[in-house]
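Have it open and follow the points in turn.

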Amino acid sequence: MGGIGSGRRYQGGKDTTDEYRSLDVRKLQRDGLLSPGRAFGLNWTRNGETLASIQARTEADRLILKYRQRSQGGDWQAMEYPVRLDWTGCTLGGRRAWFLCPAKGCGRRVAILYGGEVFACRHCHRLVYTCQRESDDGRAARRAGTLRERLGWRAGILNPSGTKPKGMHWRTYKRLTAEHEAFVGLSLAGMAARLGLMKRQLAGLGA
Ligand SMILES: [Zn+2]
């Protein structure tokens, strides 16, 4: 498990990940910014130019983030929400801070949160990324097909999943199978929606 670099790799796509602002809990802890009652600003810069900035303040075991967010072409939205902190003991004494991912239904204990509309762990971002990129179910099916090929599984997303190819790392295998699942899910959801639409159209025609 590593820093920002491994997060980028994990994300896969080049085009969206570079926009990600990241928050590293280890750095905040090193800088003494996690004790209750602190308030500070965080900036992300590239070549001396500020790309993004947020406000943060701390309460007991919580980091509250505050910033403005604009989704593509939309209006600015004021965001403010807490990120819970968790602590584990270190073998040499002291304690290590963790973020609990604030995304709904997640709560994973992570060292780094990535900013999109909300700051969340890379797993959550990958799901969002997947959904945004693959809204077209045909494309999702093709992506699933490519993954099946990489996994050496029988072609066709309606076929059952295969097993881990020899020589593939478990981590890679898990990542690929998770992606495969996501794409199959999107693809089937898209098909279901289309079928639903057809049914409605037929009903409209009195069929
Ligand atoms: Zn998460």
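**Notes on the strands and salt bridges**

1. Start in helix α6 (residues 170-204): Glu179 and Arg175 both sit there, 4 residues apart, which is about one turn of the helix. Keep in mind throughout that this is a predicted model. The side chains of Glu179 and Arg175 meet in a salt bridge, at 3.6 Å from N to O.

2. Is Glu179 buried or exposed? Its relative accessibility is 14%, so Glu179 counts as buried, the cut-off being under 20%. Arg175 has a relative accessibility of 23%, so it counts as partly exposed.

3. That pair is one of 6 salt bridges in the structure. Another links Lys27 with Asp31, where the closest N and O atoms are 2.9 Å apart. Lys27 is partly exposed, at a relative accessible area of 46%, and Asp31 is partly exposed too, at 42%.

4. Now for the open sheet. Which strands make it up, and in what order? There are 6 of them, running β2-β3-β4-β5-β6-β7, with antiparallel pairing. At the edges you'll find β2 (39-46) and β7 (109-110), each of which pairs on one side only. As background, strands of a sheet pair through backbone hydrogen bonds, either parallel or antiparallel.

5. Within that sheet, have a look at strand β3 (residues 49-59) and strand β4 (residues 62-70): they run antiparallel and are joined by 5 bridges. To find your way between them, pick Arg57, whose bridge partner in β4 is Ile64.

6. Glu59, in the β3 range of 49-59, and Arg62, in the β4 range of 62-70, bring their side chains together at 2.8 Å, N to O. Glu59 is partly exposed, with a relative accessible area of 32%; for Arg62, also partly exposed, the value is 31%.

7. What does β1 pair with? Its partner is strand β8 (residues 112-115); the two run antiparallel, with 4 bridges between them.

Conventions
Residues numbered from 1 in each chain as written. Predicted model: local features only at pLDDT ≥ 70, side-chain atom pairs only at ≥ 80, totals over all residues. Heavy atoms only, no water. Pairing = 2+ DSSP bridges. Salt bridge = Lys/Arg side-chain N within 4 Å of Asp/Glu carboxyl O. Buried < 20%, exposed > 50% of the residue type's maximum accessible area, 1.4 Å probe, protein only.
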